[in-house]
Amino acid sequence: MDYFLKRPALKMAANQLEDVVQRWRTTEVFKPEDHKLFLNAGHTCIAQDDCTQLLDFIKEEANQHIVRSMGSGLLPALVNEVWRKDRSPANCQAILDQLVQICSMKELLNILLQQVEDTDPNAIADSIIVLMPLIQSVLLRMSESKACGLALALDSLQKQISKLPVPYSHKQEQEDVYGLCQSCTAVLTFVQPFVQEVKNQDTNSVATKLRAALLKFCMASLREPLLHVQLDREANMTEISPLWNFATEIMAILAVIQESLPKILFYHPLRGKEDTILEKDACHLNESRACMAYLLFVQLIAIEVFPTVFCPVFVLQCNMEYINLLLSRKDESWILKGLDLHVKSLERVTDCSLPVELLDLKPFHEVPKNLITIMIDCPIQHLRGKSLVVFQLFIEKLNGEAKHTFSGMVSRKFKYIFKRIMKTSHHAGVESIIIKNIKNQVERYRKSAQEDSWFEETPLISLLRDTIILPQGHETDLLHGMDRVMESLNLLRYLLIQERNNSTGIWIDLCHIADSYTKLLRLCLSMSKSYCRTELKRLREDKKIKAKEFKEVSGKRSVQSLIVKTEMLGNMPCEAQDKVLQCALVTYDLMKSLVVRIEEIIEDSQN
């Protein structure tokens, strides 16, 4: 009572106010002006940092129904006071704790969730960390509507958490400037009572609905923020990472609520009535699964609960969809996760064991294309290098027929996959990898003495006709295509040496391929060397002219004239152009020496 009598801002006589409070205590119906009067009194107290009397009023038994009817309106002001760092929030926090136990659950939840939605973008972490325990207390009071309320609360909280920048280094994670780590830790605490309830009562309808809400929360968390987080298992061994702990707990919750990881990853079972929300955005759901696969197979989180009955080839086949999704993005963290997942999936597969039938699956077409795109276009060097390693590892895991199909031959079911790659890559380095792999496979199959080799006799000749070529004929840029040309020449030399003393029946065809290729290459070499010598002569003449200008002319005019001439030569300095052209001539001489050696091998066999 004293609380209301001492509020000067109400501008009401003490006896009148006392009559109002007495009326409130004897009625169950409150008018709009009653709500306004109550809120004015409460807000005045909060603004003046004097909440003791307000707390006493709320605790008084005779005022419980008053507070139940009108107290929830004080929540926004109290929440703002709690997270303000320049005041002591103890009494405000105590009032909040009282209100969430007294007021209408539905009304409290709506107000608190609206507070989450209206969070200041600059204070997201501070705000939701204050609100989460209050929302949790309200939800724990609920019964039948608990699952629906939990789903709404988690959705609102995750929308805000997803706005926080993700730390990309250990130092940033420790500093946690934007509060993402604190928020993730807080949301884990928030869901624990509901996880425990599902664990203890997994047969009733409430637990079933809670399970659906928690499953949606876990899948959303895998996508935001975990798909963007850089995790390091080894670093976590020395110092616990909050985000690593968050990833571990999310995977643990899935196990506790009895969600089978293989079913989620491999069989996509999220189609029940309670999972309708999950299926609304299949793309987001696949991104969550991709992150789950990464945590499971790369970081080995929850691997102990994953069944060991699945063969490595099946796991790779299932993971290729997620690998393709990750590699198709332009985000560094996504690409790195895709490369790591691809490596770990391949490492479990025996060398030369992947069957050709797998190449009929779309992901097995798309993933190599994405790897090539990264190798060629990605501006980040370590990603380019890693994609090359993964590309080579993938080829090594294919069996003979699959390697042949991947490298270019038309088999019973497929078109020239390699030929398509060669046409679309436009990159000599990528093409040279495949040509070099052909040589490696021929060598491997001959050493193993396999009778039915896809790299012998007629299949090999068919493959060579599609690969040992100059893409632009006599106009081919030999300097740009140096890697491809050198690998082609090395392959031809190796095969000619091997075949000259064999009777496999491919010698004539092999000689024809070598003869056609070397004749065209000689023409290209002649044109290229002539161009280089002409350019070198021009550069050296220009250099003499510039030297003469320096001697004869001085002053500003001569300097300006020199600048113009330098720009006409292009962006590369004259000295650099000279070195490039000199290196090109050396390269052309090396190509010519290989051409001569090939021609000698053919001539020697004919004598």
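Among contacts in the protein chain between residues at least 6 apart in sequence, 74% join residues at least 24 apart. The model is predicted. The protein chain holds 29 helices and zero strands. Of its 607 residues, 49% are buried. The chain exposes about 30000 Å², and carbon and sulfur atoms supply 52% of that area.

**Backbone features in loops**

Asp176 is placed in the loop between helix H11 (170–175) and helix H12 (180–200). Leu300 is found in the loop between helix H17 (282–297) and helix H18 (312–327). Asp176 counts as buried because its relative accessibility is 10%, under the 20% cut-off. Leu300 has a relative accessibility of 32%, so it counts as partly exposed.

A cis peptide bond runs from Glu224 to Pro225, with omega near 15°. Pro225 lies in the loop between helix H13 (205–223) and helix H14 (233–238).

**A surface patch and a buried helix residue**

Which residues make a nonpolar surface patch of about 230 Å²? The patch is made by Leu479, Met572 and Val580. Leu479 belongs to the loop between helix H25 (457–467) and helix H26 (482–499). Leu479 counts as partly exposed because its relative accessibility is 35%, and a patch residue needs over 30% relative accessible area.

Gln577 is found in helix H29, which covers residues 574–606. Is Gln577 buried or exposed? Its relative accessible area is 13%, so Gln577 is buried. Gln577 and Leu539 are 38 residues apart in sequence, and their C-alpha atoms are 8.2 Å apart in space.

**Accessibility of the residues discussed**

| Residue | Relative accessibility | Class |
|---|---|---|
| Asp176 | 10% | buried |
| Leu300 | 32% | partly exposed |
| Leu479 | 35% | partly exposed |
| Gln577 | 13% | buried |

Read with their positions, these values place the buried Asp176 in a loop and the buried Gln577 in helix H29. The partly exposed Leu300 is in a loop between helix H17 and helix H18, and the partly exposed Leu479 is in a loop between helix H25 and helix H26.

Conventions
Residues are numbered from 1 along each chain as its sequence is written. This is a predicted model: local features need pLDDT of at least 70, side-chain atom pairs count only at pLDDT 80 or more; totals for chains, interfaces and linings use all residues. Side-chain values use heavy atoms; hydrogens and water are left out. Patches are made of residues with over 30% relative accessible area and no salt bridge: like charges are joined within 9 Å, nonpolar side chains (Val, Leu, Ile, Met, Phe, Trp, Tyr) within 5 Å. Accessible areas come from the Shrake-Rupley method with a 1.4 Å probe; for residues, only the protein chains shown count as cover. A salt bridge is a side-chain nitrogen of Lys or Arg within 4 Å of a carboxyl oxygen of Asp or Glu. Helices (H or I, at least four residues) and strands (E, at least two) are DSSP runs, numbered from the N terminus. Buried means under 20% relative accessible area, exposed over 50%, partly exposed in between (1.4 Å probe, protein chains only). Contact means heavy atoms within 4.5 Å.
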